[in-house]
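Thanks for coming. I have one structure to show today, and I will go through it piece by piece.

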Amino acid sequence: MIYFVYTVDVELQNEQRILKRLKDGDVKFAPPRGYEYVKTGTEEPEGRPVVVGTGPAGLFAGLILAQMGYKPLLLERGADVDTRTKIVRAFWENGRLNEECSVQFGEGGAGTFSDGKLTTLIKDKRCAKVLEELVRAGAPEKITYSHKPHVGTDILKRVVKNIRKRIEKLGGEVRFNTKVTGLVLANDRLKGLRINEGEVLHTGIVVLAIGHSARDTFTMLNDHGVHMSPKPFSIGVRIEHPQQLIDRAQYKKFAGHPKLGPAEYKMAYHSPTGRSAYTFCMCPGGTVVAAASEAGCVVTNGMSEYARDKENANSALLVGVRPDDYGSNHPLAGVEFQRRWERKAFELGGEKLRRPCSACG
Ligand SMILES: Cc1cc2nc3c(=O)[nH]c(=O)nc-3n(C[C@H](O)[C@H](O)[C@H](O)COP(=O)(O)OP(=O)(O)OC[C@H]3O[C@@H](n4cnc5c(N)ncnc54)[C@H](O)[C@@H]3O)c2cc1C
């Protein structure tokens with residue numbers, strides 16, 4: 001049986017009574033609408049708030065601060081999204097890595113060259129605010145009611161640019177090619193940030209939204225004594241199949257029906273040892289691309305456009321790893337563990353910054 005699943009908002013009088021009569025477990029109360037800004041304090045802030053990073057976390061922190069009238073300053077080590085797109089294209093074509101502006105770094109953050117999936121599996125009223133802001137910035141309205149909304153890399157680029165313009169219109173400022181390379185501390189309190197190994201920016205309020213790829217920044221923070229601890233994550237490979245094969249497996253006789261988009265799948269195996277293997281970030285009608293956080297290392301990722309109309313489906317096939325796999329108790333042991341595997345992938349691929357590839361018959 002094939003279902004279409006949507007989220008629909010309806011306003012009812014006597015909703016409790018009506019819901020009881022419906023006796024349908026699939027009909028639930030949505031969290032109340034309307035975003036509530038946090039309560040502001042009474043003291044003058046110590047300088048202008050600074051947000052480091054313009055990934056989803058940094059952009060939204062910047063947007064909310066701007067909407068609250070704080071005129072934030074956003075710092076981003078990479079370039080604006082248009083320049084970044086050219087740099088990333090050159091990386092895919094010639095394997096030339098720019099370590100400051102890449103698939104991971106630059107306006108829009110790590111997910112800019114991705115599938116742009118917006119599923120969170122959480123029920124938080126702030127999710128509605130995120131979707132509304134994305135629509136306001138040019139994302140299709142459909143993301144507010146689709147069961148598994150996605151934006152696609154083509155639309156996402158326009159959306160992040162428009163969010164930046166809104167922040168600027170509200171008095172905020174965004175500086176690209178600006179890397180935070182040090183902290184200025186006095187009596188264990190933050191007094192400012194060192195930028196590009198030189199300029200010092202004075203501020204007491206910083207949001208670090210640096211994502212999971214800025215290894216040099218993690219090291220800098222660790223050297224400054226910022227507390228951090230290793231956490232579990234997952235590693236694996238990307239698997240790729242013809243999209244038609246997945247459509248036939250999932251939709252059976254309905255495969256190819258114009259009302260059905262490209263099919264998705266999800267699989268998991270929970271081993272009695274407590275370790276799980278599972279598919280993640282399945283990317284219908286997309287492509288597998290190479291990415292790298294630093295020279296001599298390579299990883300792969302799935303990317304698609306809004307239409308998801310490419311020939312192949314791909315998905316990550318992952319296994320969970322834990323701090324006791326990393327071989328040391330150092331706070332950054334997990335990063336070293338990642339690096340070891342990324343170097344192996346680089347060597348396996350002939351020491352080229354291309355996706356290493358192995359075909360199974
Ligand atoms: C290739 C890829 C595809 C993905 N696809 C999806 C998807 O489809 N859906 C989904 O929900 N999630 C996806 N994810 C995960 C998602 O991208 C991340 O969860 C998300 O980007 C995290 O957001 P963030 O703002 O915390 O960090 P990031 O997006 O990593 O942004 C951090 C930003 O900080 C900047 N920065 C770092 N250090 C400094 C510094 N010292 N100074 C100044 N700037 C700095 C970086 O340049 C970067 O732009 C994907 C991730 C990757 C890598």
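Which strands do the buried residues of H7 pack against? They pack against three: strand S8, residues 233–242, strand S10, residues 276–291, and strand S12, residues 312–321. Before I go on, please keep in mind that this is a predicted model.

Let me stay with H7 for a moment. The buried residues of this helix are Gln243, Ile246, Asp247 and Tyr251. They lie on the same side of H7, because the arc they cover around the axis is only 100 degrees. So when you look at the helix, find those four residues on that one side, and then look for S8, S10 and S12 packed against them.

Leucine 245 also belongs to H7, which spans residues 243–251. The cut-offs are under 20% for buried and over 50% for exposed, and partly exposed is what lies in between. If you want a sense of distance, take the C-alpha atom of leucine 245 and that of serine 328. These two residues are 83 apart along the chain, and the separation between the atoms is 43 Å.

Just after H7 comes lysine 252, with a positive phi of about 50 degrees. Aspartate 188 has a phi near 65 degrees, and it is not a glycine. It sits in the loop that links strand S4, residues 180–186, to strand S5, residues 189–195. Aspartate 188 is exposed, because its relative accessible area is 78%. Glutamate 351, again a residue other than glycine, has a phi near 55 degrees. You will find glutamate 351 in the segment after helix H8, which covers 333–348. Its relative accessibility is 54%, so glutamate 351 counts as exposed.

As a reminder, strands of a sheet pair through backbone hydrogen bonds, either parallel or antiparallel. S5 and S6 pair over three bridges, in the antiparallel sense. Glycine 192 has histidine 202 in S6 as its bridge partner.

Last, two pairs of helices. Helix H2, residues 56–67, packs with helix H4, residues 126–136, at an angle of about 85 degrees, and the axes are 12 Å apart. That makes H2 roughly perpendicular to H4, since the term covers angles from 65 to 115 degrees. On the H2 side the contact involves Phe60, Leu63, Ile64 and Gln67, and on the H4 side Lys129, Val130, Glu133 and Leu134. Sorted by class, that is five nonpolar, one polar and two charged residues.

The other pair is helix H3, residues 81–94, and helix H5, residues 153–169. Their axes come within 10 Å and cross at roughly 145 degrees. Val81, Asp82 and Thr85 of H3 make the contact with Lys157, Val160 and Lys161 of H5. What classes of residue does this contact have? Two nonpolar, one polar and three charged. That is what I have for today.

Terms used:
Residues numbered from 1 in each chain as written. Predicted model: local features only at pLDDT ≥ 70, side-chain atom pairs only at ≥ 80, totals over all residues. Heavy atoms only, no water. Axes fitted to C-alpha atoms, helices over the stretch in contact; angles between N-to-C directions. Parallel < 35°, antiparallel > 145°, perpendicular 65-115°, else oblique. Contact = heavy atoms within 4.5 Å. Nonpolar A, V, L, I, M, F, W, Y, C, P; charged D, E, K, R; others polar. Buried < 20%, exposed > 50% of the residue type's maximum accessible area, 1.4 Å probe, protein only. Arc of directions from axis to C-beta. Pairing = 2+ DSSP bridges.
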